[in-house]
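Please look first at the sequence and the 3D view below. The report that follows should be read alongside them.

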Amino acid sequence: MTDISHASDVITAGADGLAEARAANARQIRNAKISAAVRYIILFGVGLMMLYPLIWLVGASFKTNAEIFANPGFVPQEPTTEGYVKGWETSTPYTFGRFFLNSFLIIIPKVIGTAISCTMVAYGFARFDFPLKKLLFGSVIAILLLPNVVTRIPQYLLFRDLGWLDSFLPLWVPSAFAGDAFFVFMLVQFLRAIPGDMEEAARVDGANSWQTLVFIVVPMLAPALISVCLFQFMWTMNDFLGPLIYISSVDKYPVSLALKLSIDTTEAFEWNRILAMSVLTITPALIVFFMAQKYFIEGLSAGGVKG
Amino acid sequence: MARLQLSKLEKVYGGAFKAVHGIDLDVQEGEFMVLVGPSGCAKSTTLRMIAGLEEVTSGEIRIGDRIVNALPPGKRRIAMVFQNYALYPHMKVRSNLAFGLRLAHVPKAEREAAVREVARILEIEPLLDRLPKQLSGGQAQRVALGRALIKKPEVFLFDEPLSNLDAKLRASMRVRITDLHKRLKAEGRPSTVVYVTHDQTEAMTMGDRICVMKDGHIMQVATPKELYDRPANLFVAGFIGSPEMNVIDGEIEGTDFRLGGQVISLDEAVLNRMHAKPQEAALGIRPQHMKLSAGNGLTARLRSAEFMGHEVYLHAMLEGKEITTVAGAAEYDALDRSDERIRLTPDLAHAHIFDRASGANVSLPLAG
Ligand SMILES: Nc1ncnc2c1ncn2[C@@H]1O[C@H](COP(=O)(O)OP(=O)(O)OP(=O)(O)O)[C@@H](O)[C@H]1O
Ligand SMILES: [Mg+2]
């Protein structure tokens, strides 16, 4: 008898404990929900603040010139595409389409050249031993730390003597020879995080260094390579100084210079045209970024895994 | 189809650290040679030199009648299986298997036939269209094995291929690999194998012969049985066999082996075998050959007993040194444990005498 009553005590005690645990659990869930709500509100607020200029830009590009300065909100009262139509025509003999074409003529060879040359150089640094390797890699890092402006003048003189001024060559060629130390560095770091076993297996399978690079390393490097291409795409699209220095005829201007052109040549600035063209100018980069976002982030973070 | 010979093979890393000290090894055609030794003894280094993945500092590697020192890995007619499989992560299993053939410009139809054949042997047909990340460890290792097999190499190299698998899978893969080796031999294309492991069970069960290494030196090359019965030195004696061989330090005086206050009289069984009589000696005797005895024998103090089922491992202190002996379960039950003292008689027919200075076994009948 005593045994049984004792046992039932334990059961009720257990039930009490259980109810308590359930209450605590419910409390925890509620707290988690509240803190999540707070977190999202803050994030949303800050996000909006950061995006505001962009939203304003898009809104203002549909406003009339008069409204832009009169109305601080970003919703146009009388939406008009006049800015786009007129802006596209530009004040030069060429339409804005010509400038886009020029931009792509600069960007595409440059991106391809960068991807190929930086992969080769990074592969060399990450996987081979050769004399003066430390010194050479040190100089790559040094270039990384060197301010760009320092090399502008000697570079300009060099390209002038080569007779390359007012052509796309000064913009293409350095990239085709792995001139962008940052990308080399990024790919080297990424490669170091990839174990070399697969490449050794490929060598045992009979691949030479080139075949190993093309069939094994490049596919594994793909996320990092996509990041490299994206960066190069965006930086070149936005590059103002390079084309400004080397390109002098208007028919070769990329969009970044063309935008500036419309500010220069119009006395009373047609702000809505400028804004409309600015919106068009950032669109390709945005589209490419969102399409490749997944790989882009993968490439950046994987490169950060221990060296 | 090929014999593998290493002669005076040396490896110096970075101009300073000597990892391999001029080793000689002769692996017969169709032989399964296991390289075994503690971590860092340069098993992988040796294997990688054979594969051509590591440069040879000096010495010669011969496969068949070719000296392969200067050949790239792909031209050595070898295949290698890596510890972590090293499958190409972006290729389906099918392409992983066929990659080597593709590089060798084997026609597509032939390649596919070879893939099917290998997949059938290794039972990986359902996996052919998967990516490596969709495979379990055991499956991945079978694919890695297939990638080696498909090339019909003259020499197979394995670097701890099973150490990432769980115990059960390891046992079944062990059988699979040895079966495969036998099968190739039966089919008339015997393949020479060099298999690196640090697991002595793998070494003892798989190897035709075993090469025991330590610090870049070869300690002994022999069949599993010979290694166990006639270890050439203290290192091999301690490395092979489980539980470990008891090594009891002492002095030899005449026909007596003295340890502390106790004496073992060496009988003809040992004395006739000994080709030297080192002063500072060590007596090596496997736990199985230390018998519990009733009245006489060495006295030791029992410390603990490990029950293993049909037998019991007894750990005891003999003159300040821990020794192990194996007793049958019934024998253990019958043992009088009241005063913690046990009496042990070594079976001298199976005892070894080692020179403590050089570590050499002086009780081995000299070769010949
Ligand atoms: N690339 C290298 N540079 C310098 N020393 C190395 C290099 N690779 C290996 N070593 C050294 O050479 C020795 C042998 O290494 P190895 O990898 O061959 O050992 P192992 O027998 O395979 O060991 P484990 O069982 O741990 O795999 C070790 O002392 C190691 O530190
Ligand atoms: Mg190793």
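Predicted model: local features only at pLDDT ≥ 70, side-chain atom pairs only at ≥ 80, totals over all residues.

Residues are numbered from 1 along each chain as its sequence is written, chains are lettered from A and ligands numbered from 1 in the order in which they are written, and side-chain values use heavy atoms, with hydrogens and water left out.

**Chain B**

The secondary structure of chain B comprises 10 helices and 20 strands, where helices (H or I, at least four residues) and strands (E, at least two) are DSSP runs numbered from the N terminus. Its C-alpha trace spans about 75 × 45 × 40 Å along the principal axes. Of the 368 residues in chain B, 52% are buried; here buried means under 20% relative accessible area, exposed over 50%, and partly exposed in between, with a 1.4 Å probe and protein chains only.

**Cysteines**

A disulfide is a pair of cysteine sulfur atoms within 2.5 Å, and a search of the whole structure finds 0 of them over all chains. For Cys118(A), the nearest cysteine sulfur belongs to Cys229(A) and is 9.5 Å away; Cys118(A) is buried, at a relative accessible area of 0%. In chain B, the sulfur of Cys41(B) lies 8.7 Å from the closest cysteine sulfur, that of Cys211(B), which is too far for a bond, and Cys41(B) is also buried, at 1% relative accessibility.

**Salt bridges**

Side chains of opposite charge can pair when their charged atoms come close. A salt bridge is counted when a side-chain nitrogen of Lys or Arg is within 4 Å of a carboxyl oxygen of Asp or Glu, and the structure holds 26 of them over all chains. The table lists some examples.

| Pair | Closest N to O |
|---|---|
| Arg127(A) and Glu199(A) | 2.6 Å |
| Asp166(A) and Lys252(A) | 3.8 Å |

Arg127(A) is partly exposed at 25% relative accessibility, whereas Glu199(A) is buried at 6%.Lys252(A) is partly exposed, with a relative accessible area of 28%. In chain B, Glu187(B) is partly exposed at 46% relative accessibility, and Arg189(B) is partly exposed at 26%. Finally, salt bridges that share partners join Glu200(A), Arg48(B) and Glu54(B) into one network.
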